[in-house]
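Please read them alongside the coordinates.

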Amino acid sequence: MGSNMAECHPVGFQWVMEAKARGARVIHVDPRFTRTSALADTFVALRAGSDIAFLGAIVNHILTTGREFREYVAAYTNASAIISEDYEDTEDLDGLFSGWDPETQTYDPTSWQYAGMPAAPSAGTKESSPQGEAHGYGSKLEGAEPPATDPTLEHPRCVFQILKRHFARYTPELVEEVCGVPKARFLEVAEALCDNSNRERTSAICYAVGWTQHTVGVQYIRTAAIIQLLLGNMGRPGGGILALRGHASIQGSTDIPTLYNILPGYMPMPHAARHGTLDDYIAANTAPAGFWGHADAYFISLLKAWWGDAATADNDYCYDYLPFITGDHSSYRTIVDMADGKVPGFFVLGQNPAVGSANGKLHRAALAELEWLVVRDLVEIETATFWKDGPEIDTGELRTADIGTEVFFLPAAAHTEKDGSFTQTQRMLQWHHKAVEPEGDCRSELWFYWHLGRIIREKLAGSTDARDRPVLDLAWDYPLLGQTGEPDAEAVLREINGVGPDGRTVGGYTELKADGSTACGCWIYSGCYADEVNQPARRKPASEQDRVALEWGWAWPANRRILYNRASADPSGRPWSERKRLVWWDGDAQRWTGHDVPDFVIDKPPDYEPPEGAEAEHALRGDEPFIMQTDGKGWLFVPSGLVDGPLPTHYEPHESPFSNPLYAQQANPARQTYRRRDNRYNNGNGAVDYPFVMTTYRLTEHHTAGGMSRFLARLSELQPEMFCEVSPALAAERGLVNGGWATITSARSAIEARVLVTERVKPLRVQGRDLHQVGLPYHWGWKGLSTGDAANDLFPLALDPNVHIQEVKAATCDIAPGRRARA
Amino acid sequence: MTRMGFFTDTSICIGCKACEVACKEWNDVPDDGLNFLGTSYDNTGALGADTWRHVAFVERPRGGSAPPSSPPVNGQDAGSSPAADALDTGSAGVRWLMSSDVCKHCTHAACLDVCPTGALFRTEFDTVVVQQDVCNGCGYCVPACPFGVIDKRESDGRVWKCTLCYDRLKSDMTPACAKACPTQSIQFGPLDELRDRAAGRLGVLREAGVSEAHLYGADDNDGVGGFGAFFLLLDAPEVYGLPPDPVVTTRDLPRMWRAAAGAALALVGAVAAACARPR
């Protein structure tokens, strides 16, 4: 669900086909019948933006038919935890949870806590920022175990009972009404999932941006997490929730982040109001139990990696050299500020926001307000030329002569032209070697940033200004290779792995210290250069190792291939079944062993009880597999860390032609919106003005916003023009002709597209009427061999409040035959 | 040498077109025009001088008429079939068939038969290849092909088609399309092995209830003596735009020549007789 794996991840989909050939049943639930649906055993069409109703009904089905994996749920999840008596559910408050402040439009999560446990301050990050900015890992509790539990799961305020009540109205009938999925079809899927999830069998759920790009995106994935925990599908082979990432190393770009609010390894960026000193930061982010109990060692080792000898205990390891955040500095917030003239300069790398981000028109207007813009790409993309050939130049809304933005376009090297690593969806790092030298002035990102730093440091040399110290004191000393002075990528990987007091690479994050004696660029990657060997470069063939293939590449953490795999054994350490054995306790050797690297303290016996005063991982029992959580449990209910509620709830998309049949609260109350003239919403009489639901997606033939595909003949000829997909019924209703033109309009803009009429798109019966959905691939812009209007121009900035992701998977539109009006 | 070939198993094709791109990359085939065809996801159209692999996309509603985006081939509509029932348990009531077409490298190759220059030849791998430095562009081979595969490139006047990556085979490498295929829908190998594998796969599908799955071009007794590149299809060949009963177009030539020779002989005899008659 939320994924079109065959089209967007065809190389990964070969393994789905392999599984199918071995007897796996493949179920695809999606608004459209895609190339994935064509290969699936079962396809279910649902309305875009209604997935929580569908998934929530599966939760309800599991609970009402007693299909949960009871032993697993009781032992490994927080089902038995008793929640604060101040907690009120969306069932009590008509779509709101307790703690809602209508004035600030935010939640105070105090009442969501375990009964008797003080709320963790790190979760309540909203006081200084109305939209909140999510904590790095977001799950810290003030104590280890929940103070009150009911192992029988009968207490009315225990998580299990709250869960039952919360989802009680998510019935097959509701699915039919909200999602447009016939009852029988829903039950077929729910039963298939339950039948295939037990001691002997496991089920996996794959998702992609079809789930994340919603104003309730994080809660979509949370619903899947609840299902997989109830069915015992986490930490076991063949189970899990697989996030299919959109680019080759998007996983890597959050591990070692390009995000404003986290540091490498999911450590939070210091906040100016709360983390003034190193001690404040360490105190706020060190958990009493679990492996976040060593946050000080991870963090100080990071500072040592960045500032080297300059970082000492006396200067708090250069803590105050870090940038501090003061609120929401996410991508869309920055663009809105840019449009208001508050942002002078902008670097764009590996991105094409002029056509690739929601509300392209707002982006182009914002770029025109910059003083300077740096674009590094393989080709001259739209973001680099909006000032001379953008749609607003055509219409006269912008005049080149009036745009003061100085644009620097710098040619980038492709992945084949540089060494480096990709981190894929399984958290596996794989090294790629340079095949050819980049042509002309093309250079790698590593080259660009290292030499930019070198030049800035040369210009600042001799400065006595304190504000220049963070740059001047950086450890900036990678070996340079070849005539172009390319920094050695393996030296960077080695720094990421970390080194000990002897200057040799450490074997893993458990060797890191908080005393400044170790340096490590990203604690979760520690071990990737163990024994001074580039572990991601390992390519031992499958034929020479077992099926877990631990010697192909390297997966974080500690080369574990399945996270939380302690859960593949029962509380006493025995595999749940012979068929699904992965990791188990060897009583003779007094160690955990198995096919995978055990994701557990290797010699902690299953019956281990933490002694009084135990800390970090030693404060977790021997039967608590979720070792990154403060209580060692899988969380059905999230007492801390989310800004829009402890349980997923069906809300309509920000723009929807339907009202929410479950609650008076129509959409996610905490969603992030920008009510501005240049970001209009259709919130009024949507069903009349914009009666159809539109959704964006990718095609196999192109890559995201097109920079890597629209400029190549061999890909462009395969999908040469922007098109929209509509059902024959909608085509008949609106007079659309296959192969002709259509104009699609929203409250923001109008675009034109060629029409593809197809039986693969069908109207759905929702709330008693036929709903038409319009499919829009988003690859196009005005440059390259294959050109067309940008689908993203139609979509607004309306964001998930946890992660600030745009809702481009469901909004409202109208469609008419013919081309759009021109100036 | 062993006859080498392709087995294209369309039941696991995901329509990614990696074969089309890999073929063009390796063989340096130019683009075939950037044309939005409105035929499902197929904007290539057909095999030709500039397209040596072509992925067909066929949308088949169950019952009723075909959608506008994929008009039924030859005016036929397979309608509901046991195969369709087995493969589409979905609610969409639609099947989406994908199949990567290629030169068949026929046992009895008419293109080769009619080539007057010897540019077309049978290689040591029992494949059929055009030698571009010999081809004179006469074009006799174009109408000779029963599949419409071989085609003249207007820009240079010569004919072009799949070589089964003759250059790669000579270096013991897998052809580019098979190498790039992520699901092993395109399999390359000794033809005997491929036929065994295909028979096994067919058995598995039939057992799973896909009764209409069948092999196309795996029979030595068909009109072209079997294909070097054969297929597993999930519907009638004509649904994919393939001839149901291809025949080598030179099959009747000997008989025709015999008839012509007979007629010529008769004519010569008649003339001779006329000339020999005493005046």
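1. Basis. This is a predicted model, in which local features need pLDDT of at least 70 and side-chain atom pairs count only at pLDDT 80 or more, while totals for chains, interfaces and linings use all residues. Residues are numbered from 1 along each chain as its sequence is written, and chains are lettered from A and ligands numbered from 1 in the order in which they are written.

2. Overall form of chain A. For 823 residues, a compact globule would have a radius of gyration near 28 Å, and the 26 Å of chain A agrees with this; the radius is taken over C-alpha atoms, and the globule rule is 2.2 Å times the number of residues to the power 0.38. Along the principal axes, the C-alpha atoms of chain A fill a box of roughly 75 × 70 × 60 Å. Buried residues make up 52% of chain A, where buried requires 20 or more other C-beta atoms within 10 Å of the residue's own, with C-beta atoms placed from the backbone.

3. Content of chain A. Its secondary structure comes to 24 helices and 28 strands; helices (H or I, at least four residues) and strands (E, at least two) are DSSP runs, numbered from the N terminus. Among contacts in chain A with a separation of 6 or more, 70% join residues 24 or more positions apart; a contact means C-beta atoms, placed from the backbone, within 7 Å.

4. Domains of chain A. The assignment gives domain 1 (565–625) and domain 2 (672–817), with bounds from an automatic or database domain assignment. The centres of these two domains, taken over C-alpha atoms, are 49 Å apart.

5. A sheet in chain A. Three strands, in the order S12-S13-S16, form an open antiparallel sheet. Strands S12 (420–423) and S16 (554–555) of chain A are at the edges with a single partner strand each, so one side of each has no neighbour in the sheet. S12(A) pairs with S13 (residues 428–432) of chain A over four bridges in the antiparallel sense; pairing requires that DSSP finds at least two bridges between the strands. A:Thr423 stands opposite A:Leu429 in S13(A).

6. A sheet in chain B. Here four strands form an open sheet of mixed pairing, in the order S8-S1-S10-S9. Strands S8 (186–190) and S9 (214–216) of chain B are its edges, each with a single partner strand, so each has one side without a neighbour in the sheet. The twist averages 25° from one strand to the next; axes are lines fitted to C-alpha atoms, for helices over the stretch in contact, and angles run from 0 to 180 degrees between N-to-C directions. S1 (residues 4–9) of chain B and S8(B) are antiparallel, with five bridges, and B:Phe6 stands opposite B:Phe188 in S8(B). Helix H7 (residues 191–207) of chain B lies across S1, S8, S9 and S10 (229–233) of chain B, at about 135° to S8(B).

7. Interface. The contact takes 34 residues from chain B and 42 residues from chain A. On the chain B side, helix H1 (18–27), strand S2 (53–61) and strand S3 (94–102) each supply at least two residues, and H1(B) gives the most, with five.

8. Helix H1 of chain B. Seven of its ten residues are buried, including B:Cys19, B:Val21 and B:Cys23. The cover over the buried residues of H1(B) includes helices H2 (10–21) and H23 (713–716) of chain A, together with S2, S3, helix H6 (176–180) and S8 of chain B. Just after H1(B), B:Asp28 has a positive phi of about 55°.

Terms used: Contact = placed C-beta atoms within 7 Å. Buried ≥ 20, exposed ≤ 12 C-beta atoms within 10 Å, placed from the backbone.
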